Amino acid sequence: MINYMPIDMGQSLDKSEILDNFKPDKAWNYWSFEKLTESKGGKYGKNDITKNAKIKYPKLCEYISHLPFTHISNVKINIQKEKALPHIDFVSKEEGLELYKNNIENEPCGYRLVVKGKNDVLKLHNNNEVKTCFLPTDTDCYVMNHTGGIHSVDDDSGRVVIYISGFIDKEKHLDILNRSMKKYSEFKL
């Protein structure tokens, strides 16, 4: 099982669009964030990116459209406030059983985009071992096992990461994973 791997999207993220417009308006645990999705289906349901987010972040929305989702559930732009202790991102399976089942079948499928921050602060915890997840400089995207991968983030205050979850298109996802495996196999954990 792959728990972490950089992703070859074949395109770059327009970081200035995000950094110039990002205004966090909520906080939770180690992050302040701006949510870009409606919650009509609940945070684990089938949701849409808001009209406001499409206007504010058109290039980001275009980038996200190339990720292997049939439906988006949650998109947040997070800014790190402090060290993130070991945790699992998606643990509320009772609230979103349909999404949880889809994600379990397609792990690793927690897509993340690094807008700003160090490339060696994400740590993967497996038993008593802690491994550093390195993000190569030629990509902004990685995927992680977000239903079972225990991870932490060293203190990198001001780190900006986009959290994306949703229902996975298995065929498109496998194509992206296989392409990325060829390019980034030395970085996978």
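This is a predicted model: local features need pLDDT of at least 70, side-chain atom pairs count only at pLDDT 80 or more; totals for chains, interfaces and linings use all residues.

Trainee: How many cavities of 30 Å³ or more does a search of the whole structure find?

Mentor: The search covers the whole structure and applies a threshold of 30 Å³.

Trainee: Turning to the open spaces, which strand gives the most to the lining of the largest pocket?

Mentor: The largest pocket has a volume of about 610 Å³, and of the 25 residues that line this pocket, the closest to its centre are W28, W31, K76, D89 and Y163. The lining divides into 13 nonpolar, seven polar and five charged residues. At least two residues come from each of β3 (31–35), β4 (69–80), β9, β10 and β11, and the strand that gives the most, with four residues, is β4.

Trainee: What volume does the second largest pocket have?

Mentor: Its lining consists of N47, D48, I49, K54, C61, I64, S65, L67, F69, T70, H71 and I72, which divide into six nonpolar, four polar and two charged residues. Helix α3 and strand β4 each supply at least two of the lining residues, and the largest share, four residues, comes from β4. The space in the second largest pocket amounts to about 170 Å³.

Trainee: Is P58 buried, partly exposed or exposed?

Mentor: P58 lies in helix α3, which covers residues 58–65, and, leaving aside neighbours within four places in sequence, P58 is in contact with E17 and A53. The limits to apply are under 20% relative accessible area for buried and over 50% for exposed. Because the relative accessible area of P58 is 44%, P58 is partly exposed.

Trainee: Is H151, by contrast, buried or exposed?

Mentor: H151 has its place in strand β10, residues 150–153, and, apart from neighbours within four places in sequence, its contacts include L85, D89, L122, H125 and M144. The side chain of H151 also reaches the backbone oxygen of G149 at 3.0 Å. Since its relative accessibility is 3%, H151 counts as buried.

Trainee: How many of the seven residues of strand β6 are buried?

Mentor: Strand β6 spans residues 110–116 and pairs with strand β9 (residues 141–144) in the antiparallel sense over four bridges, with L113 standing opposite C141 in β9. The strand is mostly covered, and its number of buried residues is six.

Trainee: Which residue of β11 stands opposite K116?

Mentor: Strand β11 covers residues 160–168, and β6 and β11 run antiparallel, joined by five bridges. The residue of β11 that stands opposite K116 is V160.

How values were computed: Residues are numbered from 1 along each chain as its sequence is written. Side-chain values use heavy atoms; hydrogens and water are left out. On a 1 Å grid over the protein atoms alone, a cavity is a set of points where a 1.4 Å probe fits but cannot get out, and a pocket is an open set with protein on both sides within 12 Å along at least five of seven lines; lining residues have an atom within 4 Å of a point. Grid points are joined across faces, edges and corners, and a volume is the space filled by probe spheres set on the points. Buried means under 20% relative accessible area, exposed over 50%, partly exposed in between (1.4 Å probe, protein chains only). Contact means heavy atoms within 4.5 Å. Two strands pair if DSSP finds at least two bridges between them. A polar contact is a pair of N or O atoms within 3.5 Å; within protein, one must be able to donate a hydrogen and the other to accept it, and residues adjacent in sequence count only if both atoms are side-chain atoms. Ala, Val, Leu, Ile, Met, Phe, Trp, Tyr, Cys and Pro count as nonpolar, Asp, Glu, Lys and Arg as charged, and the others, Gly among them, as polar.
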